[in-house]
Amino acid sequence: MKKIILAFILLFNISFAFEQCLKLFKNEEFLKAQQCFSQVKYTDPLYPYALYYLLKTKVYTGENYADLLPQMEKFKNTAVYSYFYLYLASINRYKNPQLAFEYWSKIDKDALFKDDIPFYYYLKYRIDKALKVDPIEDAKDISLYFPYDRFYGYPVVFENINSLSENEKFNVLDRLAAKRMFTKAIYLLPYIKDGQKKYLYSAVLYMKNRKYTQAEYFISLLEGKYRASAIYSYIFFQRKMSEKKRYFKELLKYNDKKLVQKAANYLMKKSFYRQNYKDFFYYAQFIPRKSGYYSNRLWFLFLYYYIHGKKYKAAKILEKNTRYFSEKPKIYYWLYLSYKDTNRAKAYKYLRKAAGIKLLDFYVIRAREKLGLPLFEGKPMFLKFYQNKNLDMIAKLKPIDYKAAYIEARYFMKKHGVESIVNVFPELAARKLADKKYLVRYSYPKPFTQYTKDNFVYAIMRQESFFDPYVISFANAVGLMQIIPSTAKWIAKQKKDKNFDVVQLFIPQKNIDYGVWYINYLKNIFKDNLFYVAAAYNGGEGTVRRTLKRYKIRNIEEFIELLPYRETRYYVKYVYRHFQAYNTLYRKK
């Protein structure tokens, strides 16, 4: 026992010493940092990182670093090895491009963090140009896969735009649009030959950029199927309902049943949540029984009669058409709600049907709650125990430099499988160990208990980011708790955090701190109703207030299904499912 304690103390002291070295480096005290890192012994799990920072300090101080290269060769199976040579290739790309290429060739792309991969390709592009090798293949790789990167992707696209085929140019536009970089995509339109496909892309890009006058101009240049497709997109992206209606009438002139049904489905739902029931019934008539949207028509017709007090008529719609619905637990549960006041035997028959389905589903959980049954069926997993020097490195690095540890853990998992990383980095393994039918403990970790132990916070975190601290959504929500920068700045003002910077949202501690503050703020507003809090966290306070004001809400299921945004409806269900999973696994009621 004494030996174990002594070993722990030694490891703690080594890690602490490394942390002090890193602090010196970040303070730009490079000579002191160099001396400090040089004291780290080969037996220290963090030795490869000491070599990496020694390299940087020697470059900064103008010293020769050749002695470090043979030492780093012993750590080819680490991610820091690739970063070591990425750095060397970068600093040599102009003065010695041949040497830079040799260093670049040592890099394993799989070891790199996703945001560093564009630079990896860009570096090869610049090295080839310096060596006077035709860089067109490098340029295509960057243009087709990373045009959204502002520093290394988009500039290369412009440098080589005339070398791309027409189809490749459209692929670039698709990539930019997927990242919501509509203005940058529009800048590329003059480089594409005129034609119906170009006019369609132009119309859609201007719509997405909310420049409707320009979009209408390009629609006027379109014909046939291209025009019909643009009109549907205009219906979807135009913000004014009057304009949506006008363009739907024009869409009816084209013999495109699929687009008409798609547009009608969208406008039907839009009208329902705006409580414009005349329009709701008008658009519903364009969705026939054979349409893939027919189940939506049935569901909203059911909801219409249900909220207007005609529950028996509503229930008959579901009973006669159950075969059209894929979400059976939802249908059975709502049949229970429809009959529970008039036919309890029938109601509980449907409740038991919902509860009996093997699925990690909101309505299954709610049905089991009503019946007093266990909420989940567990699935035991027996994972191998991995003992590896790289895992020791990751464990020691994690509290010192979380991002570096994350990159190392991700690389180790790629090489050894998801089981290998569970004990050291459970947040990385969680997504891959998820199961749709059974509750798996490893998919519901609590990896940041030094910052929060709250099960509801973890339920939000799992749904928002699945524990990825570096994810950015299409709406620019950032990090673990997916906080939008404008919201974060507002929170910083409330907390009087004058040193706050948006970049800090990538730091788990800061992101969780702000997320917890915001959750508590919403709890205070909505009197600890977790369903309202979850809906507000995703869809905004106004969405919750408007829903509660518009309808006479009698139960939480009504509140959820009457929320106007599909994303928010599913979000609340998922968060509640996660919350109950955490309560079950961590024994908190």
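**Notebook: charged side chains**

I looked up lysine 270 and found it in helix H16 (residues 257-273); helices here are DSSP runs of H or I with at least four residues, numbered from the N terminus. I am working with a predicted model, in which local features need pLDDT of at least 70, side-chain atom pairs count only at pLDDT 80 or more, and totals for chains, interfaces and linings use all residues. Residues are numbered from 1 along each chain as its sequence is written, and side-chain values use heavy atoms, with hydrogens and water left out.

Lysine 270 has a relative accessible area of 33% and is partly exposed (buried is under 20%, exposed over 50%, partly exposed in between; 1.4 Å probe, protein chains only). I found Lys270 with Arg274, Arg546 and Arg550 in a surface patch of positive charge (residues with over 30% relative accessible area and no salt bridge, like charges joined within 9 Å).

Next I went through the salt bridges (a side-chain nitrogen of Lys or Arg within 4 Å of a carboxyl oxygen of Asp or Glu). The count is 32.

Lysine 311 pairs with aspartate 341, closest N and O atoms 3.8 Å apart. Lysine 311 is in helix H19 (residues 311-320) and aspartate 341 in the loop between helix H20 (328-339) and helix H21 (344-355), so the pair ties together parts 30 residues apart in sequence. Lysine 311 is buried at 18%, whereas aspartate 341 is exposed at 57%.

Aspartate 341 also forms a salt bridge with lysine 340, at 3.7 Å; lysine 340 is partly exposed at 29%.

I noted arginine 554 with glutamate 558 at 3.3 Å. Glutamate 558 is buried, at 2%.

Conventions:
Patch = residues over 30% accessible without salt bridge, like charges linked within 9 Å, V, L, I, M, F, W, Y side chains within 5 Å. Areas by Shrake-Rupley, 256 points an atom, 1.4 Å probe, with all protein chains shown as cover. Lys, Arg positive; Asp, Glu negative; His and termini not counted. Charge placed at Lys NZ, Arg CZ, Asp CG, Glu CD. Helix = DSSP H or I, 4+ residues; strand = E, 2+ residues; numbered from the N terminus.
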